[in-house]
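This briefing covers one protein chain.

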Amino acid sequence: MQSQEFKQWLSDFQALRLPQWGDFPDLELYMDQVVNEVNKQLEPLLHVKITKTMINSYVKMAIIERPIKKRYNRDHLAELIIVSIMKLVFPLDVCKKGIQQALDNTRASEAYDQFVALFNDEMANINAPASVNEFDLSESSLAIVQKVAVKSVIYKLIGTKLVEIG
């Protein structure tokens, strides 16, 4: 039987959403502003914070694009959010390849909004009856990987909370 605390947490968790591309500031940001913006979006969901060191490592490993004159834009914010979520279930090299595959097929704004729509839809339907292994094999491998990753992240967060509550 689930505790009232867990039921309330799940209800609050289910209401969380990732921002769409258009929700990002339409101006260049410095590192401190990027850290604040990304943490504002991710901390309520993942309960982790991104740091300057993490961002610098992602740039050095070419997981995210290099900033231009130490300024970051929407592309960087989107990449940081995606990497922060995906690294919960995949190694960083897999995150990098996934981002590259998504960008090979479409513009950054479209790829990001597509991922966010998938993620937000899954969050909204946490309790909907559906098979965990329900895939449309006619979809691209990238689309299937994204679905697997989103479900994995969400279920990992739920499982972690259940263990914390006891």
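A helix here is a DSSP run of H or I with at least four residues, and helices are numbered from the N terminus. By that count, Leu-80 belongs to helix H4. The model is predicted. The protein chain has seven helices and zero strands, and its largest pocket holds about 350 Å³ of space.

**Overall fold**

- Along the sequence, the elements of the protein chain follow the pattern α-α-α-α-α-α-α.
- The radius of gyration of the protein chain is 16 Å, which agrees with the value near 15 Å that a compact globule of 166 residues would have.
- The C-alpha trace spans about 55 × 40 × 30 Å along its principal axes.
- Of the 166 residues in the protein chain, 39% are buried.
- Among contacts in the protein chain with a separation of 6 or more, 75% are between residues 24 or more positions apart.
- The protein chain has an accessible surface of about 9600 Å², and carbon and sulfur atoms account for 53% of that area.

**Largest pocket**

- The volume of the largest pocket is about 350 Å³. Its lining has 23 residues, and those closest to its centre are Ile-82, Gly-98, Ile-99, Ala-102 and Gln-146.
- At least two lining residues come from each of helix H4 (74-86), helix H5 (92-105), helix H6 (108-124) and helix H7 (141-165).
- Helix H5 gives the most to this lining, with eight residues.
- Sorted by class, the lining comprises 16 nonpolar, three polar and four charged residues.

- Beyond its neighbours within four places in sequence, Leu-80 is in contact with Val-34, Val-38, Leu-42, Ile-50, Ile-55, Tyr-58 and Ile-64.
- Between Leu-80 and Gln-20 there are 60 residues of sequence separation and a C-alpha to C-alpha distance of 14 Å.
- Asn-39 sits in helix H2, which covers residues 31-46. Its relative accessibility is 13%, so Asn-39 counts as buried.
- Not counting residues up to four places away in sequence, Asn-39 touches Pro-44, Val-48, Lys-49 and Ile-50.
- The C-alpha atoms of Asn-39 and Thr-51 are 8.8 Å apart, with the two residues 12 positions apart in sequence.
- Glu-122 is part of helix H6. At 17% relative accessibility, Glu-122 counts as buried, because the cut-off for that class is under 20%.
- With neighbours within four places in sequence left aside, the contacts of Glu-122 are Val-150, Lys-151, Ile-154 and Tyr-155.

- Most residues other than glycine have a negative phi.
- Lys-69 is not a glycine, yet its phi is positive at about 55 degrees. Lys-69 lies in the loop between helix H3 (52-60) and H4.
- The relative accessibility of Lys-69 is 75%, so Lys-69 counts as exposed.
- Lys-70 also has a positive phi, near 65 degrees, and is a residue other than glycine. Lys-70 is placed in the loop between H3 and H4.
- Lys-70 counts as exposed because its relative accessibility is 67%.

- Apart from neighbours within four places in sequence, Leu-92 is in contact with Tyr-58, Met-61, Ile-63, Val-83 and Lys-87.
- Leu-92 and Lys-70 are 22 residues apart along the chain, and their C-alpha atoms are separated by 23 Å.

Notes: Residues are numbered from 1 along each chain as its sequence is written. This is a predicted model: local features need pLDDT of at least 70, side-chain atom pairs count only at pLDDT 80 or more; totals for chains, interfaces and linings use all residues. Side-chain values use heavy atoms; hydrogens and water are left out. On a 1 Å grid over the protein atoms alone, a cavity is a set of points where a 1.4 Å probe fits but cannot get out, and a pocket is an open set with protein on both sides within 12 Å along at least five of seven lines; lining residues have an atom within 4 Å of a point. Grid points are joined across faces, edges and corners, and a volume is the space filled by probe spheres set on the points. Ala, Val, Leu, Ile, Met, Phe, Trp, Tyr, Cys and Pro count as nonpolar, Asp, Glu, Lys and Arg as charged, and the others, Gly among them, as polar. The radius of gyration is taken over C-alpha atoms; the globule rule is 2.2 Å times the number of residues to the power 0.38. Buried means under 20% relative accessible area, exposed over 50%, partly exposed in between (1.4 Å probe, protein chains only). Contact means heavy atoms within 4.5 Å. Accessible areas come from the Shrake-Rupley method with a 1.4 Å probe; for residues, only the protein chains shown count as cover.
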